[in-house]
Amino acid sequence: MTLHGYFRSTAAWRVRLALELKGLDVTTVPHNLVLGEQKAPDYLTINPQGFVPALILDDGPDGKGQALTQSMAICEYLDEVHPEPSLLPGDAVMRARIRACAMVVACDTHPVQNLTVLKRLRGLGLEEPLVQQWGRDTIESGLDTLDQLLAGFDGPYACGPEPTLADICLVPQLANARRFGLEVRWPRLLAIEALCQAHPAFITAAPDMQPQ
């Protein structure tokens, strides 16, 4: 498999974590988002959205690898094809609760403070301090919600005894929070992060371990 990403992209980071937790090998192709390399014509043939990540599967019978996009879809694909260790353990109710925690970050927080949205705010004339405040407020609201949802789970990880899709979304978002200068003031989230940061998969998938 080939993973198109960017070392600091939280969405690409999620997929790296899923791959590492599953013990899967992947070739990484970096695209510098700050320089707009994800909008290059060659990459747009892989992902017309011009976003990372994109995961190219092994060549099929026609010699062309299938491209998967959207980090959550990729993570769930990996979990279906390589079910152990499970990113969505438990019964249907538990899996829905884990997905809900993950989606607070992946659907309702990160997309509202990503580069595309911030660029549009600047284009509308919002001054940079207000753009940065937008990012901080968005992240703080999302982490407040996630902290409350995780109070309903036993630890030590976000949703139980092992990392799940919720941890995969939480750790990159906490790094994003710090990039925006937000005080990470949630003891439970910090404890989960510290545990994850000692896990081999999280160590290997960290941004400073990636090609830039």
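Biologist: What makes α7 and α8 roughly perpendicular to each other?

Modeller: Helix α7 (residues 165–179) and helix α8 (residues 187–197) pack at an angle of about 110°. Angles under 35 degrees count as roughly parallel, over 145 as roughly antiparallel, 65 to 115 as roughly perpendicular and the rest as oblique. The angle of about 110° is in the 65 to 115 range, so α7 and α8 are called roughly perpendicular. Their axes are 10 Å apart; an axis here is a line fitted to C-alpha atoms over the stretch in contact, and angles run from 0 to 180 degrees between N-to-C directions.

Biologist: Which residues of α7 and α8 meet?

Modeller: From α7 come Asp167, Leu170, Val171, Leu174 and Arg178, and from α8 come Leu189, Leu190, Ile192, Glu193 and Cys196. Contact means heavy atoms within 4.5 Å. The residues of this contact divide into seven nonpolar, no polar and three charged. In that count, Ala, Val, Leu, Ile, Met, Phe, Trp, Tyr, Cys and Pro are nonpolar, Asp, Glu, Lys and Arg are charged, and the others, Gly among them, are polar.

Biologist: Where do these values come from, and how are residues numbered?

Modeller: This is a predicted model, in which local features need pLDDT of at least 70, side-chain atom pairs count only at pLDDT 80 or more, and totals for chains, interfaces and linings use all residues. Residues are numbered from 1 along each chain as its sequence is written, and side-chain values use heavy atoms, leaving out hydrogens and water.

Biologist: How many helices and strands does the protein have?

Modeller: The protein has nine helices and four strands. They are DSSP runs numbered from the N terminus: helices are H or I with at least four residues, strands E with at least two.

Biologist: How do you know what radius of gyration a compact globule would have?

Modeller: The rule is 2.2 Å times the number of residues to the power 0.38, with the radius taken over C-alpha atoms. For 212 residues that gives a value near 17 Å; the protein has 17 Å, so the two agree.

Biologist: Why is cysteine 101 called buried?

Modeller: Buried means under 20% relative accessible area, exposed over 50%, and partly exposed in between (1.4 Å probe, protein chains only). Cysteine 101 has 2% relative accessibility, so it counts as buried. This cysteine is in helix α4 (residues 92–106). Apart from neighbours within four places in sequence, cysteine 101 touches Leu146, Leu149, Leu150, Phe153, Cys159 and Ala166. Across the protein, 45% of the 212 residues count as buried.

Biologist: What makes proline 200 exposed?

Modeller: Its relative accessible area is 56%, and therefore proline 200 is exposed. Proline 200 lies in helix α9 (residues 200–205).

Biologist: Why is glutamine 70 partly exposed?

Modeller: Glutamine 70 has a relative accessible area of 44%, which is in between the two cut-offs, so it is partly exposed. The residue is in the loop between β4 (65–69) and α3. Glutamine 70 has a positive phi of about 70° although it is not a glycine.
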